[in-house]
Amino acid sequence: MSILTISTAAAADTATPATRTSGDRPIPAVLGSDLEVPVRGGRLVRYANLDYAASAPCLEPVSAAVAAALPAYSSVHRGAGYASQLTTARYEQARQTVRAFVGARPGDSVIFTRNTTDATNLLARSLPEGTTAVVFDTEHHASLLPWKRALRLPVPAFPGEAVRAADEALASVEGPKLLVVTAASNVTGELWPIAALAHIAHRHGARVLVDAAQLVPHRRLNLTALDLDYVVFSGHKLYAPFGAGALIGRSDWLADAEPYLRGGGAVRAVNDDGTEWHDDPEARHEAGTPNVLGAIALAAACDALTATGWTPLVHEEERLLDRLRAGLASVPGVQELSLWGPDHPRVGIVSFVVNGRTAREVAEALSGDYGIGVRDGKFCAHPFVRHLLDAKDGGCDDPAASAVRASIGIGTTSEHVDRLIAALRDLASRG
């Protein structure tokens, strides 16, 4: 059997998601929706997971795709045996699925990584010598920290100021330059004007990297239509918690760079007089045995969301988000954090503070008393959270400069949202 034939069979195994029906919307179910957790007093209650922005639960079709691949799991790119050929085909089919999911150009590379942080660091290692990264202080640490040369921009007061600041900064930089920007904030959920920023970057001869980790679980992304150069995201945010992420984008910088890791798979030949590395960036930067099951899981999540369609997913998320934000606004002493105001478009992420209580106290009470999971802290975005809270200093463990984050996704219900609001109202009434 040829690789092409095996690839077709493998795609059939992993591309059709199991679905459940919610009204007239076929939405895939998540594992763990019936999880019960202990609360104070020894009772068990159904878990209300409102921490999707940290790590989303596994979709049932993702779990099924991994289970289907396990019996024939073998090495990739190295074996002549049937299982190896089948696993290789599934792995390469996953690459094509991810390519299609983000609307990549035909010549773009799709490199599998561990996560968004790993993907961003890979690109940072691949930049031409002397490249300056222009990055806002609103970014997640994965985008803020990897660069050898960085020009950091202050937090913009409104979207137009972000575009203007990027325009001025890029105009001031000589040599190669890369604009780094999030698509959706992991702190506030607010959407950034990535199309306008990409246009500005290209006008100055720069490239743009978009951190799409918090966007792709919530909205469709088309790299080609937006004219983006590079996109990174993580499987564990995309209902595929099997340790894979991806860097997708233009091949030339990646093809010219030293391999991200040096080892088997990245080489064409090792001779007495030196090493000949692969010209293909995908092979060049994926040394060693890759995370095959992670790639298959990531592709299965992409397939499941595409098969469901974005309209029902976005409609349900916006309904729940409106319910969540209205509920938070009704609780005395609760303040939602926002960069660009309450009416700016956003995905299903809301951060807030509760007067008189630290974020850790709130999160622990929500878990221990009500069976609700949220995130507290600075969300790996210290400068941005300090700005929103008007705090000068403070690290991860500083309770005075932290917030609570509630995030929603597939599997979130109205009862989860209502339970959170009732719990916060109860906490506020205790004084």
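**Exercise 1.** Work out whether Glu92 is buried or exposed, or in between, and what its side chain pairs with.

*Solution.* Start with accessibility: Glu92 has 25% relative accessibility, so it counts as partly exposed (buried is under 20% relative accessible area, exposed over 50%, partly exposed in between, with a 1.4 Å probe and protein chains only). Keep in mind that this is a predicted model, where local features need pLDDT of at least 70, side-chain atom pairs count only at pLDDT 80 or more, and totals for chains, interfaces and linings use all residues. Residues are numbered from 1 along each chain as its sequence is written, and side-chain values use heavy atoms, leaving out hydrogens and water.

Next, the partner: Glu92 forms a salt bridge with Arg95 at 2.9 Å, N to O (a side-chain nitrogen of Lys or Arg within 4 Å of a carboxyl oxygen of Asp or Glu). Arg95, at 2% relative accessibility, is buried.

Last, zoom out: Glu92 and Arg95 join Arg99, Glu282 and Glu286 in a network of salt bridges.

**Exercise 2.** Find which parts of the chain the Glu190 and Arg346 pair ties together.

*Solution.* First, the contact: their side chains meet in a salt bridge at 3.8 Å, N to O. Then locate the ends: Glu190 is in the loop between β9 (177-182) and α7 (194-203), Arg346 in the loop between β15 (334-336) and β16 (349-354), so the pair ties together parts 156 residues apart in sequence. Finally, check burial: Glu190 is buried at 1%, and Arg346 is buried at 4%.

Methods:
Helix = DSSP H or I, 4+ residues; strand = E, 2+ residues; numbered from the N terminus.
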